[in-house]
Amino acid sequence: MNIHLKSPPQAARRPSEPARRRWTAGELEQLVRVGVIHEEERVELIDGEIITMAAKGNRHEIVRSELMLNWARRLPLDIKFATEPALRLVDHHEPEPDILVFPGNLYVPDVRGDTALLVVEVSDTSISYDLKIKAPVYAAFGVREYWVIDARSLVTTVHRQPGSDGYGDVKDYGPADPITPLAVPALALRLADLGVEIQ
């Protein structure tokens, strides 16, 4: 008697790689609330994946704090900024930029990609991640201007003209070059004027 074994149906076959579970911003909040993720941990949500962010170094903190102090002295009354907020672009994308500049009639939880006036990342060890992973995400959700500041060289990569394929205008500015945020020209500056030594 011949016995023919049937191949298992396609759906029952083991996948070549494990399936990934996409998290939502609400679920991430719940993980923090119940203590699975400590509220002091630096994590962000990119395409449903919980990303543990690199620890902030001294250089990162110096540049970020000097930039905030500079802007705080010159901030127009109709503009607000927040440091390290959760920017909910959609339910599966909630990055935490170093600085978020937005209209004064909004609160941080109400800001979305197309209402953010400027998003800034100060990069020490995360520059590749900020340029290659986060830039396309911000562009896809309409963040009109995105700066990545190299904390050591003070070179700033300015991204403008967002679209589904990324930013149409990407330009590097040296520390001595003036940079003017298009939506908030009052915050124009030269990174060299922060008084931070270039490394």
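These legends accompany an overview and close-up views of a predicted protein model. Local features need pLDDT of at least 70 and side-chain atom pairs count only at pLDDT 80 or more, while totals for chains, interfaces and linings use all residues. Residues are numbered from 1 along each chain as its sequence is written, and side-chain values use heavy atoms, with hydrogens and water left out.

**View 1. The protein chain and its elements.** The protein chain has 3 helices and 8 strands, which are DSSP runs numbered from the N terminus (helices: H or I, at least four residues; strands: E, at least two). Along the sequence these elements follow the order α-β-β-α-β-β-β-α-β-β-β. Of the 199 residues, 39% are buried, a term for under 20% relative accessible area, computed with a 1.4 Å probe and protein chains only.

**View 2. Glu-94 in its loop.** Glu-94 sits in the loop between strand S3 (79–83) and strand S4 (99–103). Glu-94 counts as buried because its relative accessibility is 7%. Its side chain is joined to that of Arg-88 by a polar contact of 2.9 Å; such a contact is a pair of N or O atoms within 3.5 Å, where, within protein, one must be able to donate a hydrogen and the other to accept it, and residues adjacent in sequence count only if both atoms are side-chain atoms.

**View 3. Tyr-167 in strand S8.** Tyr-167 belongs to strand S8 (residues 166–173), and it counts as buried because its relative accessibility is 12%. A polar atom of the Tyr-167 side chain lies 2.7 Å from the backbone oxygen of Val-143. Tyr-167 and Ala-140 are 27 residues apart in sequence, with 8.6 Å between their C-alpha atoms.

Technical notes
Buried < 20%, exposed > 50% of the residue type's maximum accessible area, 1.4 Å probe, protein only.
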